[in-house]
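Colleague: I would like to learn how to read a structure feature by feature. Could we take strands, helices and chain contacts in turn?

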Amino acid sequence: MKFKLIYPKWEKLEGQTIFNLPPHGPVVFAAALPEYVDIEFVDENVDTLTFDDDADFIGISMMLTGQIKRGWQIADEFRKRGKKVIFGGISTMLHAEETMEHADSIFLGEVEGRLEQVFSDFRNNKLQKVYNFMNQHPDINLIGPARRSILKKELYYHKGVRMVDLFHASRGCKYNCYPCAVAYLGGKCFRPRPIDKVVEELATIDNNRLFIVDNSLAQDKKWEMDLFREMIPFKKKWCSHPIEDDDEVLDLAAQAGAWFVYQAVFDTSDYIRDRVKRYHDHGIAVEGTILLGTDDHSEDDIKRLVDFLLEINLDLAEFTVLTPFPHTKAYDDMLRQNRIIDHDWNHYNAGKVVIQPKQMTPEKLQELYHYAWNTFYKEETQTEKMFKLFQQVIMKEIADGTYTRVREDLSRNSFGKQVIRKANN
Amino acid sequence: MIKQFNKEINSDYFDEVYEFKGLWDVTSRCGLKLVHKNDKTVVIATELYAENPGTSVTNYSAQLAGILSHHFNIAPVNLIFIVHDPEAKSKLTFMNEHFYKVDFEWDGTKFNYPKWSQIEKQIVDDLIR
């Protein structure tokens, strides 16, 4: 049976360096497919989608709210052609009711051990409208290595440099952060994968650079330390979300190849200053993730925060505006206070203001968002700062003998398209 | 149906944990206090955040009001529904304690179209004392 799995494109943030990473959800999904399913994967961000083909069954995998309207369009086109369409993924779960209107079926929850039923139902013309496995987590031991062989790897190179592969060592999150829907999606308890399973998967990945996509590694110190110890021999270089703020853990992380972390910076406190310094002391760079426009933010607070980021020598900063994604406390608050001013899901990319901020106008917050990006990257552009980080990882790789040269045959390509060089005149 | 809950939440507005099936039948929990006063019943449903494995009270207000009305035999017209965000002991002001009164339209079989109005603690106190 031919199954076509599609990852819809979304509009990238204006003015930002574009990197298309190989998606994680589809490769995890593909690993759980029955053997008789012949899968073709199309990532519309880097590839061309065609509608007239011989696929028997269409799957649409959506991670971001910004993907859902395009996902619905794609489904509508295939359904016009008589194809059955099933949706899955994080944003299908966040927007399940709306997505059902464009679907023959939706899958809610995690797939391990459950796709045999779906495909058997499809073959017997008994596809169910909803496969509801919300909060019914499969045995963590069932999560095997993701099936990265479905990816067209050449599409994830920029000027000959391969992008990081995505990888997960745990699911769920014990934290319940204000703007985040992970607690709703993955359950409010941390579910670490057994270390031997993680090691088994690491051994299958031919990419030396990884992005460990777990929500936070800092949820179980013993497991985290065991993980890092086992990772050391692989000599991978990786970025991740926060690591435990503990010298022993940070030291192990550095030995295991920690390259940089995404760390939320929410105020100008000494705690944040010291937290960033401790990462730096262990040779781990920090990309700050900075949320602007919370109820506590005045215009002065935001400007002061940007100054602070420069003062503490953050390696990179990613600014976003408070966006009320469904099933978050932020959404509940904005809904109850009637402060959602834009209901177009395409605008929910965390770069466009869709709420009425408490302490300023939406226009002012939008202006401050651009101010933050422009001010932080005034002396050194985002590309230059990224290049510095890239140089750091190359030096580490040269030192431990894992460096591989750029692909010369792809040096004039960027994510599958030829780079058009501008003449300097 | 009702379990003990150990978390420190302002007990003036919280007597017990109420478990319900939320969106997609996910087991969900809220804090609950019912106060009968004159011919009205004030229902205070407290958001439990990390202690709630499922749907928030806010996200399920109309359905939850229906469930509670049925379970506790409260005539829809006599139900006053209040959502309580407990103090989360955070320096972030949006995690402070808040109360919202929720008004619905009753269509004869279920509550619809929730509308939230933030109210002062004093108003809640007046309603339940």
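This is a predicted model: local features need pLDDT of at least 70, side-chain atom pairs count only at pLDDT 80 or more; totals for chains, interfaces and linings use all residues.

Modeller: Strands of a sheet pair through backbone hydrogen bonds, and the pairing is either parallel or antiparallel. Here, strand 6 (residues 98-106) of chain B pairs with strand 7 (residues 111-119) of chain B over seven bridges, in the antiparallel sense. One example is Asp103(B), whose bridge partner in strand 7 of chain B is Lys115(B).

Colleague: How many residues lie between strand 6 and strand 7 of chain B in the hairpin?

Modeller: Four residues separate the two strands of this hairpin. In the turn, Gly108(B) has a positive phi of about 100°.

Colleague: Which residue other than glycine has a positive phi near 50°?

Modeller: That is Tyr49(B). Tyr49(B) sits in the loop between strand 4 (40-46) and helix 1 (61-71) of chain B. Tyr49(B) counts as partly exposed because 17 C-beta neighbours fall inside 10 Å, and the label buried requires 20 or more. For a contrast, turn to Asn135(A), with a positive phi near 60°. Asn135(A) belongs to the loop between strand 6 and strand 7 (157-158) of chain A. Asn135(A) is buried, because 21 other C-beta atoms lie within 10 Å.

Colleague: In what order do the six strands of the open sheet in chain A stand?

Modeller: The order is 2-1-3-4-5-6, and the pairing is parallel. Strand 2 (38-43) and strand 6 of chain A are at the edges with a single partner strand each, so one side of each has no neighbour in the sheet. From one strand to the next, the twist averages 20°. For one pair in detail, take strand 1 (residues 2-7) of chain A, which runs parallel to strand 2 of chain A and is joined to it by six bridges. Within that pair, Ile6(A) is opposite Val42(A).

Colleague: Now a helix. Which residues of helix 5 (residues 115-123) of chain A are buried?

Modeller: They are Leu115(A), Val118(A) and Phe122(A). These residues are on the same side of helix 5 of chain A, because they cover an arc of only 60° around the axis. The face turned away from that buried side carries Gln117(A) and Ser120(A), which are exposed. The buried residues pack against strand 3 (57-61), strand 4 (84-88), strand 5 (105-108) and strand 6 (130-132) of chain A. After helix 5 of chain A comes Asn125(A), with a positive phi near 55°.

Colleague: And what is the angle between helix 7 and helix 8 of chain A?

Modeller: Two packed helices are described by the angle between their axes and the distance between the axes. Helix 7 (residues 195-202) and helix 8 (residues 221-231) of chain A pack at about 30°, with axes 10 Å apart. The crossing is right-handed. Among the residues that meet are Val198(A) and Leu202(A) from helix 7 of chain A, and Leu227(A) and Met231(A) from helix 8 of chain A. By class, this contact has six nonpolar residues, two charged and no polar ones.

Colleague: Last, how many residues of chain A are in contact with chain B?

Modeller: On the chain A side there are 17 residues, in contact with 16 residues of chain B. Helix 12 (residues 329-336) of chain A gives the largest share of the chain A side, four residues. By class, the chain A side has seven polar, six charged and four nonpolar residues.

Methods: Residues are numbered from 1 along each chain as its sequence is written. Chains are lettered from A and ligands numbered from 1 in the order in which they are written. Axes are lines fitted to C-alpha atoms, for helices over the stretch in contact, and angles run from 0 to 180 degrees between N-to-C directions. A crossing is left-handed if the near helix is turned anticlockwise from the far one by less than a right angle, and right-handed if clockwise. Two residues are in contact if their C-beta atoms, placed from the backbone, lie within 7 Å. Ala, Val, Leu, Ile, Met, Phe, Trp, Tyr, Cys and Pro count as nonpolar, Asp, Glu, Lys and Arg as charged, and the others, Gly among them, as polar. A residue is buried if 20 or more other C-beta atoms lie within 10 Å of its own, exposed if 12 or fewer, and partly exposed in between; C-beta atoms are placed from the backbone. The arc is that of the directions from the helix axis to the C-beta atoms. Two strands pair if DSSP finds at least two bridges between them.
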